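This report covers selected local features of one protein model. The sequence and structure come first, and the notes follow.

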Amino acid sequence: MQDILEAIMSAEGSSDPGRELAGIAGLPVPESYRGVVVRAEDTRMFDGLTTREKDPRKALHLQEVPTPQLGPGEALVAVMASAINYNTVWTSIFEPLSTFKFLQRYGRTSELASRHDLPYHVVGSDAAGVVLRVGPGVSRWKPGDEVVAHCLSVELEDAAGHDDTMLDPQQRIWGFETNFGGLAELAVVKANQLMPKPAHLSWEEAASPGLVNSTAYRQLVSHHGANMKQGDVVLIWGASGGLGSYATQMALVGGAIPVCVVSSPEKAELCRKMGAELVIDRSAEGFRFWKDEQTQDQDEWRRFGERIRELTGGEDPDIVFEHPGRETFGASVYVTKRGGTIVTCASTSGFLHQYDNRYLWMHLKRIVGSHFANYREAWEANRLVALGKVHPTVSRTYPLEQTGQAAYEVHRNAHQGKVGVRCLAPTDGLGVRDPERRARHESAINRFRGR
């Protein structure tokens, strides 16, 4: 593994990094590597505890694991950096169910897939690194290519997947519903998960947008989501967070008008730094959408809607970008414009949504479920990053050994933007190949740093 790292590091400062990295094809693949895992033996360790009491640091372990054999259409990537997503938090606290059930189900589908059904699960759904090997049938990518990986793993053997791969019955989220994920020194991906690494970004910056940027693109921009257009008023919950910060940028770059909902003055300031003008600090303004665990407060829905209209000059949101779920969903349905769209994923505050259907049915609103993105959507989202139209939102990074702490920060919402993890990369700031483009966007790239 050290030889692989030295080969990648040799490209730092080189006038021809591609030539330096081409030699990586001649290096032997290690028989094992270090990966962050949850263990099947631990799945009951948090029984009896509330979600908040469950500590990812107790369930995530860094251990040596065997390197799996590559199958057709796959690639082995040396992972320089990864990032924490909420699915890794769910995996680490075994909610809403143990991911070993996903691995067992996948393992039953074929002999090749049986590799994934193991007593440990290497987690992580983001990665930036260098291709080491490709399996049979892969021609688009070669050893030495600098890449990022999106997290849609799909077999594409079913006709249902060929209009939109997210509808394929065998689509899975890599590193969550499959093994050999990105929080590790090596990762196994489908070749159609790979995309070019944005050349002006460091490894940890390039790794961080993947899942959330692609998710935001499908939710807002794609015709599979809200099909956002110029001038749309877009209400964005958690607008400075890992997902919301990309939704805010997508709205701005697409000519829409984001109304950013946050929970502190610091988060409000971050939204303004991204270019948003309309911001609601729900904590400062005291919005509480539930009277108790069973009863929502419709007076608060109305007060919230009035506040949005005050900011927008009397307009309701054309689109509500929903991901908190239970806590906010009733208010989201209420405040959406007649004929508008609530586009939803994730449900980080709870999966069981309650809303008053009169405000949906009688006002002709739509609820659209959205889950990650297909390859085309992920590619387009990554292209926006490569062009410098959308920027990474890394606030802090941790070494691979401290992945548990990184996941804990996300679980407790003690972070801004994305929390990165250095896998093989020894320090932040490595991997930049286009310093001129970086210089043009330096302040935007770094606006979340240290938060």
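N227 sits in the loop that runs between α7 (210–220) and β11 (233–237); helices (H or I, at least four residues) and strands (E, at least two) are DSSP runs numbered from the N terminus. The model is a predicted one, in which local features need pLDDT of at least 70, side-chain atom pairs count only at pLDDT 80 or more, and totals for chains, interfaces and linings use all residues. Residues are numbered from 1 along each chain as its sequence is written, and side-chain values use heavy atoms, with hydrogens and water left out.

Most residues other than glycine have a negative phi, and most peptide bonds are trans. N227 is not a glycine, yet its phi is positive, at about 55 degrees. N227 is partly exposed, with a relative accessible area of 48%; buried means under 20% relative accessible area, exposed over 50%, and partly exposed in between (1.4 Å probe, protein chains only). F372 is likewise not a glycine and has a positive phi of about 40 degrees. F372 lies in the loop between β16 (366–369) and α13, and F372 is buried, with a relative accessible area of 3%.

## A378 in helix α13

Helix α13 covers residues 375–386 and contains A378. The relative accessible area of A378 is 0%, so A378 is buried. Leaving aside residues up to four places away in sequence, A378 touches H150, M195, S214 and A373; contact means heavy atoms within 4.5 Å.

## Helix α8

Helix α8 (residues 244–253) is largely enclosed by the rest of the structure, because eight of its 10 residues are buried. Among them are Y246, T248, Q249 and M250. Just after α8, G255 has a positive phi of about 80 degrees.

## Helices α4 and α14

Two packed helices are described by the angle between their axes and the distance between the axes. For α4 (residues 86–93) and α14 (residues 403–411), the axes come within 9 Å and cross at roughly 105 degrees. Axes are lines fitted to C-alpha atoms, for helices over the stretch in contact, and angles run from 0 to 180 degrees between N-to-C directions. The two helices α4 and α14 are therefore roughly perpendicular to each other (under 35 degrees counts as roughly parallel, over 145 as roughly antiparallel, 65 to 115 as roughly perpendicular and the rest as oblique). On the α4 side the contact is made by Y86, V89 and I93, and on the α14 side by A407, V410 and H411. By class, these contact residues are five nonpolar, one polar and no charged; Ala, Val, Leu, Ile, Met, Phe, Trp, Tyr, Cys and Pro count as nonpolar, Asp, Glu, Lys and Arg as charged, and the others, Gly among them, as polar.

Seven of the nine residues of α14 are buried, so α14 is largely enclosed by the rest of the structure. The buried residues include T403, G404 and E409. They pack against β1 (32–39), α3 (56–59), α4, β17 (394–399) and β18 (418–422). Just after α14, N413 takes a positive phi of about 55 degrees.

## Cis peptide bond at P96

The peptide bond joining E95 and P96 is cis, with omega about -5 degrees. P96 is found in the loop between α4 and α5 (100–107).
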